[in-house]
Every structure is written in structure tokens, then in C-alpha cells.
Amino acid sequence: MPVRDAVSEDLEEICALIEEHAVYENHDLKLDRAELGGHLFGPDPKAWVLIATPPGEPTTVAGFAFCSWNFSTWEGRPGIWLDDLFVRPAYRRHGLGGELLGELRRRTTGRVEWDMQAGNEKAEAFYAQLGAEPVPGWIRYRWRP
């Protein structure tokens with residue numbers, strides 16, 4: 001199986017993927033490894049991660065999906081918020097992104113939602129190929145601490 005749940009021993013690899021993703025999308029990054037570990041694997045986890053491994057290479061981490069649960073009052077059910085989906089360039093075009101998203105779909109009867117950076121035409125084409133659509137009429141707002 002090329003997709004599995006992350007365990008605490010994956011923390012360094014998860015942090016490396018987050019760092020690589022930030023560089024790929026040219027984002028500033030503030031990452032505290034210990035704090036992230038607590039949020040993922042502590043007594044009251046706030047998020048979870050799926051790890052993608054290439055076929056035949058179960059110890060190689062090729063990508064990840066970083067997620068948390070959300071809830072839709074309009075649908076009356078939980079869904080999944082996908083904060084990050086990243087597959088390392090050497091492992092792209094092998095279906096791992098689709099495997100990660102497929103696993104998320106299997107884990108909820110609710111919505112799976114995410115943001116995409118404007119202008120990312122490759123991601124837009126990939127999501128459209130999977131049948132995902134942009135959400136018209138909605139603008140995301142954010143409060144920062």
C-alpha cells in the first residue's frame with residue numbers, strides 16, 4: 001500500500017516535506033519541530049498526516065497529505081481539511097498524489113476541501129483531472145495572531 005498513516009517516528013521526514021513544500025511555493029516558514037510533533041502525535045492531536053511511499057520502496061517517503069477534521073453544518077457531517085499535499089519532484093507522475101487524495105475521500109462521507117495557490121496551473125489541471133472543482137463565490141479570510 002503506497003499510503004499509510006504517519007507515526008511519531010516520521011516527524012523529521014514530515015518536517016522535511018513541509019520545508020521542501022515551502023521552498024517549492026516560495027513561502028516563508030515558521031516551523032517548530034517539537035511543537036508540530038505535539039500537535040500531530042501528542043495526547044490531544046490537532047492534525048494528522050498521510051505518508052505516500054513509492055511502490056516497492058516502503059521505507060522511502062515520497063510525499064504527504066497534512067490534514068485536520070472540519071465540520072459542515074449545512075451537510076451535518078464532518079469532512080477533511082487538506083492543508084498541504086506535496087509529492088517530491090522525483091516521485092511525481094506516478095499516481096501518488098491521486099492515492100493520497102483517494103485515501104482522504106475514503107475516510108469521510110463529507111467534503112474534502114483545500115486551497116490552491118493562484119496561478120498553479122499544474123495543480124489546477126491535476127485537481128480537475130480528479131474531478132475536483134474550484135468553489136465559486138467564496139473568498140477565504142484569515143486572522144493571524
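Colleague: In the largest nonpolar core, which residues touch the most other members?

Modeller: A nonpolar core is read as a set of buried nonpolar residues joined through side-chain atoms within 4.5 Å. In this predicted model, the largest such core holds 18 residues, and those touching the most other members are Leu-50, Ala-65, Cys-67, Leu-82, Leu-85, Leu-100 and Leu-104. Two or more residues each come from strand 2 (48-52), strand 3 (63-72), strand 4 (77-87), helix 3 (96-106) and helix 4 (121-130). Another core, of 15 residues, lies apart from it and includes Val-49, Val-61, Phe-64 and Phe-86.

Colleague: With which residues is Cys-67 in contact, leaving aside its neighbours within four places in sequence?

Modeller: With that exclusion, the contacts of Cys-67 are Ala-47, Trp-48, Ile-80, Trp-81, Leu-82 and Leu-104.

Colleague: Which residues of helix 3 are buried, and against what do they pack?

Modeller: Burial in helix 3 applies to Leu-96, Gly-97, Leu-100, Leu-101, Gly-102, Glu-103 and Leu-104. These buried residues pack against strand 1 (3-5), strands 2, 3, 4 and 5, and helix 4.

Colleague: Why does Glu-113 count as partly exposed?

Modeller: The general idea is that a residue is buried under 20% relative accessible area and exposed over 50%, with partly exposed in between. Glu-113 has 27% relative accessibility and therefore counts as partly exposed.

Colleague: Where is Glu-113 placed, and with which residues is Glu-113 in contact?

Modeller: Glu-113 belongs to strand 5 (residues 112-114). Beyond its neighbours within four places in sequence, Glu-113 contacts Asn-70, Ile-80, Trp-81 and Leu-82. Val-7 lies 106 residues from Glu-113 along the chain, and their C-alpha atoms are separated by 23 Å.

Terms used:
Residues numbered from 1 in each chain as written. Predicted model: local features only at pLDDT ≥ 70, side-chain atom pairs only at ≥ 80, totals over all residues. Heavy atoms only, no water. Helix = DSSP H or I, 4+ residues; strand = E, 2+ residues; numbered from the N terminus. Buried < 20%, exposed > 50% of the residue type's maximum accessible area, 1.4 Å probe, protein only. Contact = heavy atoms within 4.5 Å.
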